[in-house]
Amino acid sequence: MSVVLVRPAGEDDLEAIAELFLTVWRTSYRGVLPPQLLEGMDAAASRRLWRRSLGPGVARTVRVAVDANGCIVGVVTWGRDPDDPDSGHVYSLYVHPEAQGHSIGARLLAEAVASFETEGLRRATLWVFEANASARGFYARCGWEPTNDRRVEPEFGEPEIQLRRAIGGTGRPSDRRASAR
């Protein structure tokens, strides 16, 4: 995979992000989620889902990874943890199946972690489908560990586990200078 650019997403990226999500949903979740759940996600449902993150006034940050051809190959969404405003939360991370294995997911996840550090947050959380061993392994390699929290979102109806990661430093420039010595 050639060099990718990571940039802020805009409302004009909705169609491309929704298409990316749908591709990942149908391929990467095969064997993880029940077939009826996979089939129930269509283009319209994907757009509705992503409009929540890209609409005006949304308190989430969305970054996309764009390849040399201008195609969006990855997306990450983050903000404050809805259950703990002193923590960051990664709402979503998706990388096109053909772009997986090229560190794009790690790079997008690092963008979120760096943002949390800049904000002075000390920890971050995310949710992952419990049956998604591949994603759980990826997050473990990136320093995320399971908590004891589990949930089943009515929208998806499948068990998820919460992962947590410590964020280093407070994010203040003086702390970064001091730690660099």
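At 53% relative accessibility, S103 counts as exposed, a label for residues over 50% relative accessible area, where buried means under 20% and partly exposed lies in between (1.4 Å probe, protein chains only). S103 is found in the loop between β4 and α4, the latter covering 104–118; helices (H or I, at least four residues) and strands (E, at least two) are DSSP runs, numbered from the N terminus. The backbone of S103 has a phi near 70°, a positive value in a residue other than glycine. Most residues other than glycine have a negative phi.

A word on the model before we go on. This is a predicted model, in which local features need pLDDT of at least 70 and side-chain atom pairs count only at pLDDT 80 or more, while totals for chains, interfaces and linings use all residues. Residues are numbered from 1 along each chain as its sequence is written, and side-chain values use heavy atoms, with hydrogens and water left out.

Now step into strand β4, residues 84–95, where you will find H89. H89 has a relative accessible area of 6%, so it is buried. Its side chain is joined to that of T125 by a polar contact of 2.7 Å; such a contact is a pair of N or O atoms within 3.5 Å, and within protein one must be able to donate a hydrogen and the other to accept it, with residues adjacent in sequence counting only if both atoms are side-chain atoms. Leaving aside residues up to four places away in sequence, H89 touches several others, including T77, W78, F116 and W127, where contact means heavy atoms within 4.5 Å.

T77 is buried, with a relative accessible area of 0%. Beyond four places in sequence, T77 touches W50, S53, R60, T61, V62, H89, V90, Y91 and S92. From C-alpha to C-alpha, T77 and A59 are 10 Å apart in space and 18 residues apart in sequence.

Next comes a pair of helices. Helix α1 (residues 14–28) packs with helix α3 (residues 43–54) at an angle of about 120°, their axes 9 Å apart; axes are lines fitted to C-alpha atoms, for helices over the stretch in contact, and angles run from 0 to 180 degrees between N-to-C directions. That angle makes α1 oblique to α3, because angles under 35 degrees count as roughly parallel, over 145 as roughly antiparallel, 65 to 115 as roughly perpendicular and the rest as oblique. Among the residues that meet here are I17, F21 and L22 in α1, and L49, W50 and L54 in α3. The residues of this contact divide into nine nonpolar, one polar and three charged, with Ala, Val, Leu, Ile, Met, Phe, Trp, Tyr, Cys and Pro counted as nonpolar, Asp, Glu, Lys and Arg as charged, and the others, Gly among them, as polar. A43 in α3 is partly exposed, at 38% relative accessible area.

Finally, look at W144 and E145. W144 is in the loop between α5 (133–141) and β6, and E145 lies in strand β6, residues 145–152. W144 is buried, with a relative accessible area of 2%, whereas E145 is exposed at 55%. Not counting residues up to four places away in sequence, W144 touches residues including V90, T125, L163 and R164, and E145 touches Q162, L163 and R164.
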